[in-house]
Amino acid sequence: AQAEDGAAFGVEVSSGVPPGATVRGEQQWHARLHGAWQAGRAALAALAVRGPDGGLLHLDCPLRLQLELDGPYEPAAQWRAMAVRCRLVAQLDLLALELALVATRADGKPRCVKVAAASLASSGFIAEVRQRLNAAPAEAARLSFDLAEGAVLQGALVREACAQWRALGVRIGIE
């Protein structure tokens, strides 16, 4: 799953399953991811990105999921590849967007969220993001999207997303 989610022509090398680790199949991953999403066990990290003058450019806000009830909130490196394989990454990227809009509404700070290449390719994703941004124009103007590197291979979709989202004030970068 990590190789599928990686850059084009990339290679993933694994030294095997760490001792004590649980091997899970796709159905179990789907249930864990969907369960965390539906139960609201998601949060954004808030890592300050500062300019040369030390001023805040934005808060980098990667999505964290609590995959196990009462467990830790896991970074995307632990679950994103399986989210892509289980076809849940678009819903999780929309969740991150919604959390960023709510947080920005509350404190006015600019935020940046990641958008997976697989999300751009998901039917209706670009329009759904546009609709959510239209509903929150002040927050959209303080938002940035960090497109995954693999998105550049989807040139037409990237151009469409950029045209629609930039018109609403969103800044877009490539990871």
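**Reading a predicted model from its cavity outward**

Student: How many cavities of 30 Å³ or more does a search of the whole structure find?

Tutor: The search finds 1 cavity of that volume. A cavity is a set of points on a 1 Å grid over the protein atoms alone where a 1.4 Å probe fits but cannot get out. Points are joined across faces, edges and corners, and the volume is the space filled by probe spheres set on them. This is a predicted model, in which local features need pLDDT of at least 70 and side-chain atom pairs pLDDT 80 or more, while totals for chains, interfaces and linings use all residues. Residues are numbered from 1 along each chain as its sequence is written, and side-chain values use heavy atoms, without hydrogens and water.

Student: How much space lies in the largest cavity, and which residues line it?

Tutor: A lining residue has an atom within 4 Å of a cavity point. In this model the largest cavity holds about 40 Å³ of space. Its lining consists of D93, L94, L97, V113, K114, V115, F125, V129, F145 and W165. Helix α4 (89–107), strand β6 (111–115) and helix α6 (125–134) each give two or more residues to this lining. Helices (H or I, at least four residues) and strands (E, at least two) are DSSP runs, numbered from the N terminus. The protein has 8 helices and 8 strands.

Student: What classes of residue make up the lining of the largest cavity?

Tutor: Ala, Val, Leu, Ile, Met, Phe, Trp, Tyr, Cys and Pro count as nonpolar, Asp, Glu, Lys and Arg as charged, and the others, Gly among them, as polar. By that scheme the lining has 8 nonpolar and 2 charged residues, with no polar ones.

Student: What share of the residues of the protein counts as buried?

Tutor: Buried means under 20% relative accessible area, exposed over 50%, and partly exposed in between (1.4 Å probe, protein chains only). Of the 175 residues here, 37% are buried.

Student: Which residues touch the most other members of the largest nonpolar core?

Tutor: A nonpolar core is a set of buried Ala, Val, Leu, Ile, Met, Phe, Trp, Tyr and Cys residues joined through side-chain atoms within 4.5 Å. The largest one has 27 residues, and those touching the most other members are L97, L120, V129, L133, F145, L147 and W165. The elements giving two or more residues to this core are α4, β6, α5 (117–121), α6, β7 (143–147) and α8 (155–166). Of these, α4 gives the most, with 5 residues. There is also a second, separate core of 18 residues, with C86, V89, L92 and A96 among them.

Student: Which residues does L97 touch?

Tutor: A contact means heavy atoms within 4.5 Å. Leaving out residues up to four places away in sequence, L97 touches V129, R132, L133, L143 and F145. For the protein as a whole, take the contacts with a separation of 6 or more: 68% of them join residues 24 or more positions apart.

Student: How many aromatic pairs does the count come to?

Tutor: Rings of Phe, Tyr and Trp (its six-membered ring) pair if their centres lie within 6.5 Å; planes under 30 degrees apart are stacked, over 60 edge-to-face, and the rest tilted. The count here is 2 aromatic pairs. F125 and W165 make an edge-to-face pair, at 6.3 Å centre to centre with 75° between the planes. F125 is in helix α6 and W165 in helix α8, so this pair ties together parts 40 residues apart in sequence. F145 and W165 have ring centres 4.9 Å apart and planes at 70°, so they too are edge-to-face. F145 lies in strand β7 and W165 in helix α8, so here the parts tied together are 20 residues apart in sequence. F125 and W165 are both buried, and F145 is buried as well. F125, F145 and W165 form one aromatic cluster.

Student: What is the phi of D70, and where does R87 lie?

Tutor: Most residues other than glycine have a negative phi. D70 is not a glycine, yet its phi is positive, about 65°. D70 sits in the loop between β4 (63–66) and β5 (73–74) and is exposed, at 72% relative accessibility. R87 lies in the loop between α3 (80–85) and α4. Phi of R87 is also positive, near 60°, and R87 is exposed, with a relative accessible area of 68%.

Technical notes:
On a 1 Å grid over the protein atoms alone, a cavity is a set of points where a 1.4 Å probe fits but cannot get out, and a pocket is an open set with protein on both sides within 12 Å along at least five of seven lines; lining residues have an atom within 4 Å of a point.
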